[in-house]
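Dear colleague,

Please find below the sequence and the structure that I am handing over to you. My notes on what was found follow directly after.

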Amino acid sequence: MKKINLKSLLIVLLILPLTMQAQRNEHEVTDVWEPVPPIVIPGQGTSAPSDAIILFDGTNLSNWVNSDGNATEWTVADGAMTVKPGTGGIKTKQGFGDVQLHIEWRAPEVVKGEGQGRGNSGVFLMGRYEVQVLDCYENTTYPNGQTASVYKQHIPLANACKAPGEWQTYDIIFMAPRFNDQGRVTHPATVTVIHNGVLVQNNVTLLGTTEFIGLPQYKAHSMKEPLMLQDHGDLVSFRNIWIREL
Ligand code: MG
C-alpha cells in the first residue's frame, strides 16, 4: 500500500475549503455592511420625515425671531405665515449648516408690480446665501435674479413657476462653506434646488454672500447660522417648513 504523503494531504485540506469559499463568495467581496443607514420614516406627501426639525407647522412663529432677535410681527393665518412689509426679515432661533430644506411659498394672487417688484422674498441659507423667491409667472426680470436663482450668481435651469396665488415648493440641499483659521474659504458652499419637482440648481458653487450691488465674496462665519426669510415689501406667504441636518 502506497504511503500517504501527510504534507500533501495537509496542503490539500487547507487549500480546498479556501478555494471553495472563494468561488462561493466572490460576489460578496464587494458587499459593504457598515455603516447601516438610520431608519427615517418618510412623511406623507410633502410633510416632514421623522428626523426633520419642524420650523413652521402653520400654527405659530415660536422658532423664529426678527433680525434684532425680538418677536416677529409677521402674520400667521390659515396655516401660513405672511411677510409683514416694513418689519424686516425673520430668522430661525436655531443655526444650521449642511441641510436639506423643504419650504413652500406663495406669491400674492393679486398681481402688483413687475420685474423684481412682484412677489419678492428670499430664502437666505445661513442668513447670507439667497435662493430667490419671486413671482416669475409671465413676469420678466434679469434671469440671474429670477425665481430660484442663486441671486446674482446662478441662473436657474428652468422657470418652473406656478401662477400667483398657488403654493409652490422648494427642496434645497445646501452644503455650508468651510473656512480655515485665517478666515479663507477652503470649500465654497454648494446648493441644489428643486422647484415644484423640477431641478433648477444642480449642485452649483456659491461665489460668496449674496450682494445686491457688487460682486459676491466670502467672509468667514460659524458652521451654523440661522436660516432667514426676506421682507422685500411683498405679501409673500410660507408654510410647511422643515429641515434636516446633514
Ligand atoms: Mg429676494
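K152 has its place in the loop between β8 and β9; strands (E, at least two residues) and helices (H or I, at least four residues) are DSSP runs, numbered from the N terminus. The phi of K152 is near 60°, a positive value in a residue other than glycine. With a relative accessibility of 31%, K152 counts as partly exposed; buried means under 20% relative accessible area, exposed over 50%, and partly exposed in between, with a 1.4 Å probe and protein chains only.

Please note that this is a predicted model, in which local features need pLDDT of at least 70 and side-chain atom pairs count only at pLDDT 80 or more, while totals for chains, interfaces and linings use all residues. Residues are numbered from 1 along each chain as its sequence is written, and side-chain values use heavy atoms, with hydrogens and water left out.

The loop between β8 and β9 also holds E138. E138 has a positive phi of about 55° although it is not a glycine, and at 70% relative accessibility it counts as exposed. As background, most residues other than glycine have a negative phi, and most peptide bonds are trans. The peptide bond from E34 to P35 is cis, with omega near 0°. P35 is found in the loop between α1 (6-24) and β1 (53-56).

Q153 lies in the loop between β8 and β9 (168-175) as well. Is Q153 buried or exposed? Its relative accessibility is 13%, so Q153 counts as buried. A polar atom of the side chain of Q153 lies 2.7 Å from the backbone nitrogen of L207; a polar contact is a pair of N or O atoms within 3.5 Å, where within protein one must be able to donate a hydrogen and the other to accept it, and residues adjacent in sequence count only if both atoms are side-chain atoms. Leaving aside neighbours within four places in sequence, Q153 is in contact (heavy atoms within 4.5 Å) with residues including N144, L206, G208 and P216.

Next comes the metal site. Which protein atoms are the donors of the magnesium ion? They are N120 (OD1), S121 (O), E130 (OE), Q132 (OE1) and Q230 (OE1), at 2.2 to 2.4 Å from the ion. Donors are N, O and S atoms within 2.8 Å of the metal (3.2 Å for Na, K and Ca), and water is not among the atoms, so sites may look incomplete. Along the chain, the donors follow the spacing N-S-x8-E-x1-Q-x97-Q. S121 lies in strand β7 (residues 121-125) and Q230 in the loop between β14 (225-229) and β15 (237-245), so the pair ties together parts that are 109 residues apart in sequence. Both S121 and Q230 are buried.

Strand β7 also belongs to an open sheet of five strands, which has the order β2-β5-β14-β7-β8 with antiparallel pairing. Two strands pair if DSSP finds at least two bridges between them. The edge strands, β2 (64-66) and β8 (129-133), each pair on one side only. From one strand to the next, the twist averages 30°; axes are lines fitted to C-alpha atoms, for helices over the stretch in contact, and angles run from 0 to 180 degrees between N-to-C directions. Five bridges join β7 and β8 in the antiparallel sense, and F124 stands opposite E130 in β8.

Strands β12 (residues 190-195) and β13 (residues 198-205) likewise pair in the antiparallel sense, over five bridges. They form a hairpin with two residues between them, and N196 in the turn has a positive phi of about 50°. V193 stands opposite Q201 in β13.

W242 is found in strand β15 and, at 6% relative accessibility, counts as buried. A polar atom of the side chain of W242 lies 2.9 Å from the backbone oxygen of T46. Apart from neighbours within four places in sequence, W242 is in contact with several residues, among them P49, I53, L101 and H102. W242 and D171 are 71 residues apart in sequence and 9.9 Å apart in space, C-alpha to C-alpha.

Finally, how many disulfides are there? The count is zero, where a disulfide is a pair of cysteine sulfur atoms within 2.5 Å. The sulfur of C136 is 5.3 Å from the closest cysteine sulfur, in C161, which is too far for a bond. C136 is buried at 3% relative accessibility, and C161 is buried with a relative accessible area of 13%.

Yours sincerely
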